[in-house]
Amino acid sequence: MSETKEKTALITSVGADAGQPSVNNFMNSIDDGAPKINENRANAGALDAEKANEAEVCGEEEACNEEEGLSEAESWKKLQRNLDPRYLNTVTMTELYDRIYQNRPPVINGFLYPGTYLFVGSPKLGKSFLMAQIAWHVSTGTELWGYPVRKGTVLYLALEDGYGRLQERLYRMFGTECSENMYLTVSAGQLDNGLDEQLQNFVKEHPDTSLIIIDTLQKIREVGDDKYSYASDYKVITRLKKFTDNNGICLLLVHHTRKQQADDRFEMISGTNGLLGAADGAFLLHKDKRTSCEAVLEVSGRDQPDQTFYLNRNEDSLVWELDKAETERRLEKPEPVLEAVAKLVTEQTPEWSGRATELAEILGLEISPNTLLMKLNVNAARLLNEYGIRYESSRNHHGRFLHFQLEKESR
């Protein structure tokens, strides 16, 4: 009896519960309709994207139709309806709970997650040094301030530097400890003038890309009369966020603060509230005295706790060192189902497969198989983040088939 794997929907989140879309989804462009340099290439890419999207929709529909027992004519009618732009696709709450929203692993656990972030601070404050430091640690997989780092390819657009200055800076910071996974450039197109294709092509060539740094945001923005409007700011970040969401990577956009003080430091970000409103979060670096080696890095995001890092700059290497960190406490209520699964799936027994009814009996929990499935689906990302256990579900005519796999690297 053939089995159909459950549709796994992917979420876009900053925190530990973020989703993990394939980095091979290159056809979704940053562009939202603006013209490119090569119209033929752009049109061809758009056509490929449309075909890819239709294929994805068709694949999902086939899985659902088989599960629902729809006839070929009914399946075709349902597919046509869902592809109609006039039709509003919706899901019921029950259908929502019936899906698994998988996890996007953090780039730096407890510090940096997939998504689009602003990294702001006054000019000449040491932002570029910190960007180089983060890039080197991610590209080498070396812990940063004691935080575990997931190794991946890094692209660093140092658009306010030259290669000579980059060489001098990196040598002073890291000596001859080079990284083959860290790529640098001092020139790139703007959003409406080639950058879209440049980033997509880089990710296509390096599918393990986990971090892209653009230093600075202003260098890639198109020049226009409304460049400081809320709509323009929101549009720029939304386009970049679409790119990061589709590819499951982290994008850091270096930006400046304005001189005017504010009660909320994040309101000092240069531009309108459209920048922060569209971004997944922001990092704010500031000092009490410009000549001081001490600085404070504040972090705020949608789905991660607010954090404050107290840093000291090493006067010899100019590397930022952590003095202490303060993190907003977010205590999630313990979930007995997850704790029970963690006792079942261990290093001694790293895999388990079976029916929901079997699992309910083994776990000894007084809940129905249907309730158990809902709890597992809703908490799939948490199960992976907190216990290192990946959960998947498939279904055939006899019911659900569950699979658990211990993944040490996810811990």
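In this predicted model, Tyr234 has a relative accessible area of 37% and is therefore partly exposed. Tyr230 is also partly exposed, at 48% relative accessibility. Both residues belong to helix H8 (residues 230-247). They sit 4 residues apart, about one turn of the helix. In an α-helix, residues three or four places apart point the same way, because there are 3.6 residues a turn. The rings of Tyr230 and Tyr234 form a stacked aromatic pair. Their centres are 6.0 Å apart, with 20° between the planes.

The structure holds 13 aromatic pairs. One of them joins Tyr183 and Phe202 in an edge-to-face arrangement, at 5.5 Å centre to centre and 75° between the planes. Tyr183 lies in strand E6 (residues 182-185), whereas Phe202 lies in helix H6 (residues 195-205). The pair therefore ties together parts that are 19 residues apart in sequence. Tyr183 counts as partly exposed, at 32% relative accessibility. Phe202 counts as buried, at 11%. Elsewhere, one aromatic cluster is formed by Phe111, Tyr117, Phe119, Trp145, Tyr147, Phe283 and Phe309.

Helix H4 comprises 14 residues. From first to last C-alpha, H4 reaches 20 Å, close to the 20 Å expected at 1.5 Å a residue. Of its 14 residues, 13 are buried, so H4 is largely enclosed by the rest of the structure. His137 is found in this helix, which covers residues 127-140. His137 has a relative accessible area of 10%; the cut-off for buried is under 20%, so His137 is buried. Beyond its neighbours within four places in sequence, His137 contacts Thr142, Glu143, Leu144 and Val149. Gly141 follows H4 and has a positive phi, near 75°.

Helix H11 (residues 356-363) packs against helix H12 (residues 369-378) at about 90°, with the axes 9 Å apart. H11 is therefore roughly perpendicular to H12. H11 contributes Ala356, Thr357, Leu359, Ala360 and Leu363 to the contact, and H12 contributes Pro369, Leu372, Leu373 and Leu376. These residues divide into 8 nonpolar, 1 polar and no charged.

Helix H10 (residues 336-344) also meets H11. Their axes come within 10 Å and cross at roughly 90°. This angle makes H10 roughly perpendicular to H11. Ala340, Val341 and Leu344 of H10 make the contact with Leu359, Ile362 and Leu363 of H11. The contact residues comprise 6 nonpolar, no polar and no charged. Leu359 and Leu363 of H11 take part in the contacts with both H12 and H10.

Key. Residues numbered from 1 in each chain as written. Predicted model: local features only at pLDDT ≥ 70, side-chain atom pairs only at ≥ 80, totals over all residues. Heavy atoms only, no water. Axes fitted to C-alpha atoms, helices over the stretch in contact; angles between N-to-C directions. Helix = DSSP H or I, 4+ residues; strand = E, 2+ residues; numbered from the N terminus. Parallel < 35°, antiparallel > 145°, perpendicular 65-115°, else oblique. Contact = heavy atoms within 4.5 Å. Nonpolar A, V, L, I, M, F, W, Y, C, P; charged D, E, K, R; others polar. Buried < 20%, exposed > 50% of the residue type's maximum accessible area, 1.4 Å probe, protein only. Expected span 1.5 Å × (residues − 1). Phe/Tyr/Trp six-rings, centres within 6.5 Å; stacked < 30°, edge-to-face > 60°.
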